[in-house]
Amino acid sequence: MSTGSRVLIMVLGLLLFTIIFELVRRRKFREEHSLLWFVVSVCIMSGAFLDDIVNQIAIFLGIGYPPVIILVVLTVLLILSLMYFSIIISDLKGKIKELNQKVAFLEYETRNKNGEGRRP
């Protein structure tokens, strides 16, 4: 891998790390959700220097084109992160539904106490 490619990969990883850090600092991104993206940015930065290891793994696995390993790993990471965020969205959706039911019940009780619910 050329030096320019290594520098470009390092800059992209560092840029991603900086963006995630700034989002966390401004409280637009929660810390527990940012951890995965910090790991991804560190993996990108370390990928600039791990091409020899990737080549050795490709030779060990009998893969002729070593970048395929990186694409497979990134695809698996992407699928795992999508599953993680789907779980979070499902949990939040359930909580919103529960809160809506509680609010509706409280409104019903409030109307009954004030006598508004018994109008003919």
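Biologist: Leaving aside neighbours within four places in sequence, what is H33 in contact with?
Modeller: H33 touches Y84, F85 and I88, where contact means heavy atoms within 4.5 Å. This is a predicted model, so local features need pLDDT of at least 70 and side-chain atom pairs count only at pLDDT 80 or more, while totals for chains, interfaces and linings use all residues. Residues are numbered from 1 along each chain as its sequence is written, and side-chain values use heavy atoms, leaving out hydrogens and water.

Biologist: Is H33 buried or exposed?
Modeller: Buried, because its relative accessibility is 18%; buried means under 20% relative accessible area, exposed over 50%, and partly exposed in between, with a 1.4 Å probe and protein chains only.

Biologist: Switching topic, how many aromatic pairs are in the whole structure?
Modeller: The search finds two. Rings of Phe, Tyr and Trp (its six-membered ring) pair if their centres lie within 6.5 Å; planes under 30 degrees apart are stacked, over 60 edge-to-face, and the rest tilted. F17 and F38 make a tilted pair, because their planes are at 55°, with ring centres 4.8 Å apart.

Biologist: Where do F17 and F38 sit in the chain?
Modeller: F17 is in helix α1 (residues 3-25) and F38 in helix α2 (residues 31-47), so this pair links distant parts of the chain, 21 residues apart. Helices are DSSP runs (H or I, at least four residues), numbered from the N terminus.

Biologist: And which kind of pair do Y84 and F85 form?
Modeller: Edge-to-face, at 5.2 Å centre to centre and 70° between the planes. Y84 is partly exposed at 34% relative accessible area, and F85 is partly exposed at 23%.

Definitions and conventions: Helices (H or I, at least four residues) and strands (E, at least two) are DSSP runs, numbered from the N terminus.
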